[in-house]
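Let us work through a protein model in short questions and answers. Please have a look at it first.

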Amino acid sequence: MSTQPPRPPVRHRSADPLTAEVVELIGDVVARFYADYEEAAASHALTGPQARLLSLLALEPLPMRKLAQRLKCEPSNVTGIVDRLESRGLVERRPDSADRRVKLAAATEEGLRVARDLREGLHFAREPLAGLSTAERSSLRDLLRRMLDA
C-alpha cells in the first residue's frame, strides 16, 4: 500500500501561436532532413536505419545493446541491420577489450568511407546553414542544445 498522495492530473496548456509555429517549423525541418537522409542512404543502396547505424559506428565501435538504445529499436532489429551491413563489408563484429563476452560492432574502412559520403550527401542540412552567419549558427546550436537539455 502506497503512502504517497495521489498526483494531481497533468494539465496541458495550449501553445501560444508563436510556440505552435516554432513546433510546426521544427517538424518541417525534421521531415526534410529525414527525406534528405533517406535519399543519401538510397544512393548507397542502404535503408535509413542502416545508414543511421553506420553513421553511429563511424564515430566509435559500440555494443549491440547501446546501438539499440541510440536507434530506439529492439536489439533483434540491430542484429539484422548489422548482419546486412557486415555481409556488404561495411561493418564487422569484434570482441570488446574491456569485456570479452561483449561483441562490438565497428565500421570497416569501407564503412567509414560510406559514412563520410553519406554526411557529404546531406544537402538540406548543409546548404541552408551555410546561408547563416557564424553567429547565427552558434545561436541556433546553443538554442537547440538548451531544448535538448530541458
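Q: Is Arg141 buried, partly exposed or exposed?
A: This is a predicted model, where local features need pLDDT of at least 70, side-chain atom pairs count only at pLDDT 80 or more, and totals for chains, interfaces and linings use all residues. Residues are numbered from 1 along each chain as its sequence is written, and side-chain values use heavy atoms, leaving out hydrogens and water. Buried means under 20% relative accessible area, exposed over 50%, partly exposed in between (1.4 Å probe, protein chains only). At 38% relative accessibility, Arg141 is therefore partly exposed.

Q: Which residue meets Arg141 in a salt bridge?
A: A salt bridge is a side-chain nitrogen of Lys or Arg within 4 Å of a carboxyl oxygen of Asp or Glu. Here the N to O distance is 2.9 Å, and the partner of Arg141 is Asp142.

Q: How many residues apart in helix H5 are Arg113 and Asp117?
A: Their side chains meet in a salt bridge at 2.6 Å, N to O. Helices are DSSP runs (H or I, at least four residues) and strands are too (E, at least two), numbered from the N terminus. About one helical turn separates Arg113 and Asp117 in H5 (residues 109–120), and the spacing is four residues.

Q: Which residues are linked with Arg93 in a network of salt bridges?
A: Arg93 and Glu86 form a salt bridge at 2.4 Å, N to O. Arg93 is partly exposed at 28%, and Glu86 is partly exposed at 31%. The network links Arg93 with Glu86 and Asp83.
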